[in-house]
Number of protein chains: 2
Amino acid sequence: MATEEQAFSQSSASQMCRFRLCVAYVGTRYSGWQIQEKPLPPPTIQGELEAILSRVTGKAIRVHGSGRTDAGVHADGQVAHVDIPLERAGLDWQYILNRHLPHDISIVDMQPAPADFHARFDARGKRYIYHLWTNQRYVPPRLFPFVWACGSLDTDAIQCAMKYFLGCHDFASFQTAGTDVEGTVRTVRHLAFTSRATLFSDAALLAIEVEADGFLKQMVRNIVGALVAVGQGKFSPEALPALLEARDRRLLPSATAPAQGLTLHQVFYGGVGS
Amino acid sequence: MATEEQAFSQSSASQMCRFRLCVAYVGTRYSGWQIQEKPLPPPTIQGELEAILSRVTGKAIRVHGSGRTDAGVHADGQVAHVDIPLERAGLDWQYILNRHLPHDISIVDMQPAPADFHARFDARGKRYIYHLWTNQRYVPPRLFPFVWACGSLDTDAIQCAMKYFLGCHDFASFQTAGTDVEGTVRTVRHLAFTSRATLFSDAALLAIEVEADGFLKQMVRNIVGALVAVGQGKFSPEALPALLEARDRRLLPSATAPAQGLTLHQVFYGGVGS
């Protein structure tokens with residue numbers, strides 16, 4: 001992988017023009033954002049983008065995302081940057097990409113960016129939205145790919161539990177077990193639980209919005225898994241401080257929420273949202 | 001077909017219990033609501049429902065919809081009735097159907113109904129919603145299967161044009177050419193043009209709601225096609241009264257709007273909506 005990255009970066013010299021992309025996708029049929037270097041690579045968002053960019057420019061083009069999204073996770077506002085050879089920079093790349101991309105990936109916006117803009121290193125935070133469907137009798141087919149049909153919930157208990165996640169905490173208990181990262185302290189800046197106005201008058205569609213300065217691996221899905229467990233009466237909100245302090249995913253009694261309910265909504269950069 | 005209907009109706013005697021169903025579906029991969037008696041029948045909503053009902057009861061079960069929807073058209077609130085053999089009427093049919101149906105069809109509600117309830121003959125009106133996406137640069141992948149990406153529109157012109165459709169008119173110009181029905185007079189009770197609040201702040205998603213006491217074949221799609229043509233400046237709102245009076249689809253200069261933007265939203269019965 002390191003060699004691969006170098007090969008790409010050698011060609012991204014001054015004869016390149018950097019672009020910033022806002023990408024939306026329905027993640028259902030993708031093995032996540034990140035390209036996988038395998039003999040038969042599974043479909044990935046990054047892979048689809050790079051294939052088109054490389055085909056049109058005739059050069060190996062690398063796309064740098066703000067971060068990975070897991071297999072099956074969606075995005076409304078993933079951000080990425082890419083270097084396009086200067087002689088091709090004047091093309092209408094948003095049009096070209098949307099013309100060639102499958103219908104479950106779309107370039108919402110694409111603009112020239114400063115040469116030192118970096119989608120991952122410059123990100124100051126992200127907001128995710130997780131959608132829950134709480135009516136046990138049916139799931140609207142239109143929403144099926146985008147919700148966790150978790151059944152009925154005690155929303156008061158969830159509201160009560162959410163306050164323990166707000167602010168600066170060590171979230172080691174809420175990352176994928178066995179993950180080895182340097183720091184596990186993150187600041188949750190916003191955590192809201194809303195009932196979405198939909199075609200369905202019974203308000204069975206709930207949304208959990210989580211914004212933080214950064215996220216550990218599967219952190220949103222582990223927070224949502226714990227909140228849903230609280231809403232199902234599996235443990236009390238008051239158990240959460242001790243679970244946070246334990247700093248060990250194996251002590252968390254709730255399951256990781258499934259991928260399909262999760263959407264990367266927005267990535268924030270230097271004061272201004274993208 | 002007449003023989004087929006008789007075969008079904010002979011078994012729907014007093015030993016049957018009638019149910020009323022509210023059905024939602026994503027119509028993308030279906031050849032419409034109505035079952036097609038062919039050697040290799042294409043997938044239809046009615047066909048999927050009847051296959052499960054017949055398999056579980058061991059009898060040929062006919063499902064009667066409030067009306068057909070075309071290939072590719074969606075529904076949030078299609079209504080149907082079905083007669084279930086009395087000895088099987090106590091089963092949790094909503095659960096059974098949703099357990100066996102593909103994820104793009106769902107039974108939103110299913111209740112016992114009076115033996116003389118008829119989904120088609122008792123319907124007093126219907127409401128459809130047609131979704132338009134007006135941003136030419138991209139289509140959100142989540143909405144792609146549910147919108148007509150028609151490009152930018154003069155919404156003032158459309159607002160102005162809508163008034164000509166409201167009320168009681170002969171809609172012969174707005175049905176599929178060559179259709180032979182007895183009466184072509186219908187009353188449009190509600191026609192609204194709204195910008196839907198979405199994740200997308202640019203309000204590029206528009207909805208046209210049409211409610212009438214009944215609809216001719218492809219009437220909504222022909223009305224929407226004409227409204228979009230007006231919004232694209234292809235003809236003026238003031239041309240519509242003459243086009244209505246012409247009572248001939250061949251004189252209508254606009255195309256029929258594509259199926260994927262259309263959703264059957266609600267069917268009305270005897271004063272109370274369903």
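A:Glu211 counts as buried because its relative accessibility is 10%, buried being under 20% relative accessible area, exposed over 50% and partly exposed in between (1.4 Å probe, protein chains only). The model is predicted, so local features need pLDDT of at least 70 and side-chain atom pairs count only at pLDDT 80 or more, while totals for chains, interfaces and linings use all residues. Residues are numbered from 1 along each chain as its sequence is written, chains are lettered from A and ligands numbered from 1 in the order in which they are written, and side-chain values use heavy atoms, with hydrogens and water left out.

The partner of A:Glu211 is A:Arg127, and the closest N and O atoms of this salt bridge are 2.8 Å apart; the term denotes a side-chain nitrogen of Lys or Arg within 4 Å of a carboxyl oxygen of Asp or Glu. Because A:Glu211 belongs to strand E9 (residues 205–212) and A:Arg127 to strand E5 (residues 123–133) of chain A, the pair ties together parts that are 84 residues apart in sequence. Helices (H or I, at least four residues) and strands (E, at least two) are DSSP runs numbered from the N terminus. A:Arg127 also counts as buried, at 19% relative accessibility.

Over all chains, the structure holds 26 salt bridges. In one of them, the side chains of A:Asp83 and A:Arg18 meet at 2.8 Å, N to O. Here A:Asp83 lies in strand E3 and A:Arg18 in strand E1 (residues 16–25) of chain A, 65 residues apart. A:Asp83 and A:Arg18 are both buried. B:Arg62 sits in the loop between helix H2 (45–57) and strand E2 (63–65) of chain B, and B:Glu50 in helix H2 itself, 12 residues apart. At 6% relative accessibility, B:Arg62 counts as buried, and B:Glu50 counts as buried at 6%.

Chain A is divided into domain 1 (4–112) and domain 2 (125–269), with bounds from an automatic or database domain assignment. The domain centres, taken over C-alpha atoms, are separated by 28 Å. In contact (heavy atoms within 4.5 Å) are 17 residues of domain 1 and 15 residues of domain 2. The two domains bury about 1,200 Å² between them, 55% of it on carbon and sulfur atoms; buried area is the accessible area (1.4 Å probe) that two parts lose on being put together, summed over both. The rule finds 1 salt bridge across this interface. The side chains of A:Arg221 and A:Asp70 meet in a salt bridge at 2.9 Å, N to O. On the side of domain 1 that touches domain 2, strand E3 (residues 74–85) gives the most, with 6 residues.

Between the chains, 26 residues of chain A are in contact with 26 residues of chain B. Chain A and chain B bury about 2,200 Å² between them, 57% of it on carbon and sulfur atoms. The count between chain A and chain B is 4 salt bridges. A:Asp92 forms a salt bridge with B:Arg137, the closest N and O atoms being 2.7 Å apart.
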